[in-house]
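Dear colleague,

I am passing on to you the structure that I have been reading, and below it you will find my notes on what it contains. Please keep it open beside the text while you read.

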Amino acid sequence: MQLPEKKYIASFDIDAQNTFTPVCPNELPVAEGDTIAPELNAQAQFASLRLASRDAHSRCALWISDAEHAPLTPISGYPDLDIRWPAHAIIGTKGFDFIDGLDEAAYDYQVFKGIEADKHPYGACYHDLKDTLSTGAIEYLRCHGITTVICGGLATDYCVKNTVLQLKAAGFDVILNKAACRGIAPETIESAMQEMAAAGVKFVECAKELAE
Ligand code: VGL
């Protein structure tokens, strides 16, 4: 793949947290979510800056499912909540931590998202669902002169897709490293890939292809 000079490239690890892996079976486990660290580390070698986003939720979040409110049921009355989810990525728990194989010290910038009880964003660039309240990621990339962002993380069909589309809408060239992602369900992964392709996102099968 034809890449610009390394100084114009950033690598973005989206929600590569235990909560989205079989390590946390009661949260939001994604099959093989715990296997992507080598690919995330490999793609970062092509970039001059490395970013991470993390779901950073509260135990008191209003979207947490319970006996009366099943997961995936809609929530009304809150503009930045759509559906219920099982409690996940609670700050200070194992689910919040990076997956094994990632080194917190490697990141130049981290986004914590979904801290507020009445907000459950998916993309890492905005705190709300209408893409108006910036997390600062886009500004950080812009002020460092970045033109191209290589992305991977969890889950392909939710937070990765939304982050990638937000970066694209902000004017960056975006490359999705397929080997550095895992998704929740085959149908939503397929439609996410189509949506990203339609938006002009480029894909590589694995980080090695970035060198070719
Ligand atoms: C995610 C569903 C709910 C994700 C987060 O990181 O993809 N998916 N919360």
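Strand β1 (residues 9–14) runs parallel to strand β4 (residues 148–154), and the two are paired over six bridges; here two strands count as paired if DSSP finds at least two bridges between them. Helices (H or I, at least four residues) and strands (E, at least two) are DSSP runs, numbered from the N terminus. The model is a predicted one, in which local features need pLDDT of at least 70 and side-chain atom pairs count only at pLDDT 80 or more, while totals for chains, interfaces and linings use all residues. Residues are numbered from 1 along each chain as its sequence is written.

Two of the bridges can be found by name: I9 has T148 as its partner in β4, and I14 has G153 in β4. On to β5: β4 and β5 also pair in the parallel sense over six bridges, and the partner of L154 in β5 is R182. In general, strands of a sheet pair through backbone hydrogen bonds, either parallel or antiparallel.

These strands belong to an open sheet of six strands with parallel pairing, in the order β3-β2-β1-β4-β5-β6. Its edge strands, each pairing on one side only, are β3 (109–113) and β6 (202–204). From one strand to the next, the twist averages 20 degrees.

How many residues of β4 are buried? Seven of its seven residues are, so far as the cut-off goes that a residue is buried if 20 or more other C-beta atoms lie within 10 Å of its own, exposed if 12 or fewer, and partly exposed in between, with C-beta atoms placed from the backbone. Both faces of β4 are covered, with T148, I150, G152 and L154 buried on one side and V149, C151 and G153 on the other.

Helix α1 (residues 37–44) lies across β1, β2 (49–55), β4 and β5 (173–182), and runs at about 155 degrees to β5; axes are lines fitted to C-alpha atoms, for helices over the stretch in contact, and angles run from 0 to 180 degrees between N-to-C directions. Helix α3 (residues 156–169) packs on the sheet too, touching β1, β2, β4 and β5, and its direction makes about 165 degrees with that of β4. Two residues are in contact if their C-beta atoms, placed from the backbone, lie within 7 Å.

In α1, the buried residues are L40, Q43 and A44. Because they cover an arc of only 105 degrees around the axis, they are on the same side of α1, the arc being that of the directions from the helix axis to the C-beta atoms. What covers them includes β1, β2, β4 and β5.

Helix α3 is largely enclosed by the rest of the structure, because 12 of its 14 residues are buried. Those buried residues, among them Y158 and C159, pack against β1, β2, β4, β5 and α4 (186–198).

Lastly, there is a ligand, and the residues around it are D15, F20, L28, D55, W85, L154, A155, Y158 and C159, where a residue is near a molecule if its C-beta atom, placed from the backbone, lies within 6 Å of it. By class, this shell has seven nonpolar, no polar and two charged residues; Ala, Val, Leu, Ile, Met, Phe, Trp, Tyr, Cys and Pro count as nonpolar, Asp, Glu, Lys and Arg as charged, and the others, Gly among them, as polar.

With best wishes
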